[in-house]
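Here's a quick tour of a few local features to keep in mind while you look at the model. Have the viewer open as you read.

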Amino acid sequence: MKKPLVKLAIVLGGLLAVVLIVVALAFVPFVQKWAVVQALADEEGSNVRVDSISAGLSSAEVKNFHLRQDGAVITVPSAHADYSVWDYLTGSGMRISKIDANGLIVDLRKYAPARQAAASGSGSAGLKGLLDM
């Protein structure tokens with residue numbers, strides 16, 4: 001009777017360890033930077049660079065963010081945001097209480113999402129979700 005309980009305890013302990021490692025990795029700035037770059041680079045024709053990202057449960061800081069997509073260029077030398085992750089976890093959405101974007105530049109002079117969507121035939125929304133307020 002003890003052997004099955006010991007095996008179950010080992011399996012549950014191993015699963016708990018994996019979950020704790022994944023959660024801990026989510027707070028490592030290098031992993032956060034990699035995740036943001038991967039998410040934004042998935043869009044065809046996008047180019048993203050960022051020096052550092054550090055996000056916690058109540059605030060985030062970004063240094064030297066540069067995004068080029070569909071001819072639009074967004075550059076942010078330094079940004080800081082305060083938010084409540086609890087609101088997001090309880091289904092209230094992500095509510096940002098304060099955001100400071102020092103040196104923000106949004107250059108839309110060459111922004112042409114229709115050109116790329118027509119060429120690829122995908123009907124991609126491009127920066128639509130990012131630029132909608």
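## Ground rules

This is a predicted model, so to speak of local features takes a pLDDT of at least 70, side-chain atom pairs count only at pLDDT 80 or more, and totals for chains, interfaces and linings use all residues. Numbering runs from 1 along each chain as its sequence is written, and side-chain values use heavy atoms, with hydrogens and water left out.

Most residues other than glycine have a negative phi. Asparagine 64 has a positive one, near 50°, and sits in strand E2 (residues 59–69); strands here are DSSP runs of at least two E residues, numbered from the N terminus. With a relative accessible area of 39%, asparagine 64 is partly exposed (between buried, under 20%, and exposed, over 50%; 1.4 Å probe, protein chains only).

Aspartate 70 also has a positive phi, near 55°. You'll find aspartate 70 in the loop between E2 and strand E3 (72–83), and it is buried at 6% relative accessible area.

## Glutamine 32

Which helix holds glutamine 32? That's H2, residues 29–41 (a DSSP run of H or I, at least four residues). At 10% relative accessibility, glutamine 32 is buried.

Its side chain reaches the backbone nitrogen of alanine 55 at 2.7 Å. Leaving out residues up to four places away in sequence, glutamine 32 touches Ala26, Phe27, Ile53, Ser54 and Ala55 (contact means heavy atoms within 4.5 Å).

Terms used: Polar contact = N/O pair within 3.5 Å; in protein donor to acceptor, adjacent residues only side chain to side chain.
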